[in-house]
Amino acid sequence: MAAAGKCPVVHGAVTQVGMSTMEWWPKALNLDILHQHDTKTNPLGADFDYRKAVQKLDVAALKKDLLAFMTQSQDWWPADWGHYGGLMIRMAWHSAGTYRTADGRGGAGHGNQRFAPLNSWPDNANLDKARRLLWPIKKKYGNQLSWADLIVLAGTMAYESMGLKTYGFSFGREDIWHPEKDVYWGSEKEWLAPSDARYAKVDDPASLENPLAAVQMGLIYVNPEGVNGKPDPLKTAAQVRETFARMAMNDEETVALTAGGHTVGKAHGNGNPANLGPAPEGADIEDQGLGWVNHVTRGIGRDTVTSGIEGAWTTHPTRWDNGYFDLLLGYDWWLQKSPAGAWQWEPVNIREEDMPVDVEDPTIRCKPIMTDADMAMKFDPAYRKISERFHQDPAYFSEVFARAWFKLTHRDLGPKSRYIGPDVPKENLVWQDPVPEGRKDYDVAAVKAKIAASGLSISDMVATAWDSARTFRGSDKRGGANGARIRLAPQKDWAGNEPERLARVLAVLEPIAAQAGASVADVIVLAGNVGIEQAAKAAGVAVDVPFAPGRGDATAEMTDAASFAVLEPLADGFRNWLKKDYAVTPEELLLDRAQLLGLTAPEMTALIGGMRVLGTNHGGSRHGVFTERVGALTNDFFVHLTDMAYTWKPVGSNLYEVRERKSGAPKWMATRVDLVFGSNAILRAYAEVYAQDDSREKFVHDFVAAWTKVMNADRFDLA
Ligand code: HEM
């Protein structure tokens, strides 16, 4: 053993799995995030197309199997009252509930609940059992059914089986095959650390750090026992309001979801939490991927410990009914402790017939419970009003809930054109950012000729097309050039879109679109392409930028303007734009945008090099434009960046003077983002490729390919 400590070779394995570069140098640029979910990690191979495969699925048979599954209790993890509905709904809710609007990340879209850290979050305790129970169904339908779709459908069918008429369902969520590397869940190093680290002031819920939407590390939303574990329904209400708003839910949707969630199922805390083993990622291998295993006492059925809170919310927890409001509003509640020691609210003087029965023995009656978050629905004045309305009008409650459940579980699936399956609702909903189909039958060449003759500069055309497309984010598939929402509030007024220039360019392009019968969305992209073709020609390379017509124009009525605020760029390395006083480094926001646009590191490099020489910097700034030939698509940015003839001297927080080494004469101004491409070892290696004498044409072609990828990032109709 002593020898083993000295020489790694005698351990028997020589592959390095220890400290990564990021651990040695935490400030290094994590380019890895751009190369996640590579086909090499996907056992189904590069040619497998889930969204095609799922269309062959026998949906009727699957739904029938799921309905039967709900009441087929398994001895190894028995169903409460013989019905798995509650557990399945909690699993689906926790998979969707990580979604947050600020960066569109989280959500039910990729089956990330199967992997760390989510599979081991304290709040996801025993959802490993929920997924393992579903394995026979996953096994049966195989590659035609992703885990991500199955998780959401299981929750939805659970509601159907308990009597709710659901609003609809779409398939199409593609599984990932390794943990996500780009999602920031908070800076804490300890599970369930107090909220204080992520709030400027815990009493001010709006001061929760962006893009986070949960109050503590390892929770989906709020702490069920109260703020930092101290019961106080009004304080909890304020946190519920903020966190649900960050999931795009208003007050009515929030009450409907919380009440509708807790209309069924129960909380589990009848035992000693100390008897539970570690979460799945830390568990022994003989537990075979399961966590929270109780090897000491019984630990299943009525003896299960999950959250530590113990009891059901309603009298009939396997039925979709109005029992939640009957009990919440019909009784006074007082604070008690569960057998596991958690704070919970229990009713005062409850009538025998209002008590739910034990999960295993129907002759035993139990006390119902409310969490602090449930009490918020009674004590917060705005929530109370909604609760009373739902109580009086159960049909209305059912309808609002069904729609909110659909939104919750489909919010990150993208535009409706991506929906798949027989249960896709016909109605267009404004949160889906609807875009009408655009025409494809107009004369593209004629439109291009008109744009070319319009007098717009290359910089105007390329910058406008870029601004129109750059809002796209692959996380929840919002934004992008389709819809031409850059014409509408709020986008037309964003400082990053240079409103005056934008209005001037649109005034030229809109009439061209109207005359040709093309959408403005198409014509904006076409103008960018015309600019690039002109710039390539100026550099001596002939290119025809690929273009597919068919984008549509959204109207203001189709646009939930408030919800677009989160798409506003606060920085954009490609346009050398950083909103004043914005605290995040430009490098970070360069990577962030590249990642959300789906660009690889080489693609990001090619794009930057082109954008700089095309003169597309924000405000027409000359900073970072390392060429005398602005408007020609040359590789000058890379040639000059890698040339030892220059020195780089900081002259401001974000600016550098580029001097000729020999004479000391100032030549250009550079920005931090430019220097990243010369200083980071990997990006410099790419920059060198593009600076080589034999790469001038390659650079143009790579730039055009990356550009086309961005312009088409939201063209799901082309896939
Ligand atoms: C306001 C935020 C919420 C809080 C603090 C909260 C808290 C909890 C807690 C502590 C449990 C007990 C887990 C256990 O011990 O087994 C639970 C269970 C459950 N929750 Fe929530 N919840 C919230 C919102 C929701 C929403 C929005 C839904 C669904 C629409 C939902 C659906 C459920 C279901 C179905 C169960 C029962 C699980 C089972 O029967 O095994 N909850 N919740």
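**Ground rules.** I number residues from 1 along each chain as its sequence is written, and side-chain values use heavy atoms, with hydrogens and water left out. Because the model is predicted, local features need pLDDT of at least 70 and side-chain atom pairs count only at pLDDT 80 or more, while totals for chains, interfaces and linings use all residues.

**Ligand site.** I looked up the iron atom of the ligand first. Its only protein donor is His262, through NE2 at 2.1 Å. Donors are N, O and S atoms within 2.8 Å of the metal (3.2 Å for Na, K and Ca); water is not among the atoms, so sites may look incomplete. His262 sits in the loop between α9 (251-261) and β1 (266-267). Helices (H or I, at least four residues) and strands (E, at least two) are DSSP runs, numbered from the N terminus.

The side chain of Trp93 has an N or O atom 3.3 Å from a ligand nitrogen. A polar backbone atom of Lys266 is 2.9 Å from a ligand oxygen.

**Aromatic rings.** My search of the whole structure returned 33 aromatic pairs. Rings of Phe, Tyr and Trp (its six-membered ring) pair if their centres lie within 6.5 Å; planes under 30 degrees apart count as stacked, over 60 as edge-to-face and the rest as tilted. Phe69 and Tyr84 are stacked, at 5.5 Å centre to centre and 25° between the planes. This pair joins helix α4 (residues 59-70) to the loop between α4 and α5 (85-96), 15 residues apart. Phe69 counts as buried because its relative accessibility is 6% (buried means under 20% relative accessible area, exposed over 50%, partly exposed in between, with a 1.4 Å probe and protein chains only). Tyr84 is also buried, at 1%.

Tyr159 and Trp320 are edge-to-face, at 5.7 Å and 85°. They are 161 residues apart, Tyr159 in helix α7 (residues 147-162) and Trp320 in the loop between β2 (311-312) and α10 (323-330).

**Backbone.** I noted a cis peptide bond from Asn210 to Pro211, and another that joins Ala489 and Pro490. Asn126 has a positive phi of about 65° although it is not a glycine. Asn126 counts as buried, at 2% relative accessibility. Trp292, in the loop between β1 and β2, has a positive phi near 50°.

**Helix α21.** I checked residues 672-679; 6 of the 8 are buried, so the helix is largely enclosed by the rest of the structure.

Conventions. A polar contact is a pair of N or O atoms within 3.5 Å; within protein, one must be able to donate a hydrogen and the other to accept it, and residues adjacent in sequence count only if both atoms are side-chain atoms.
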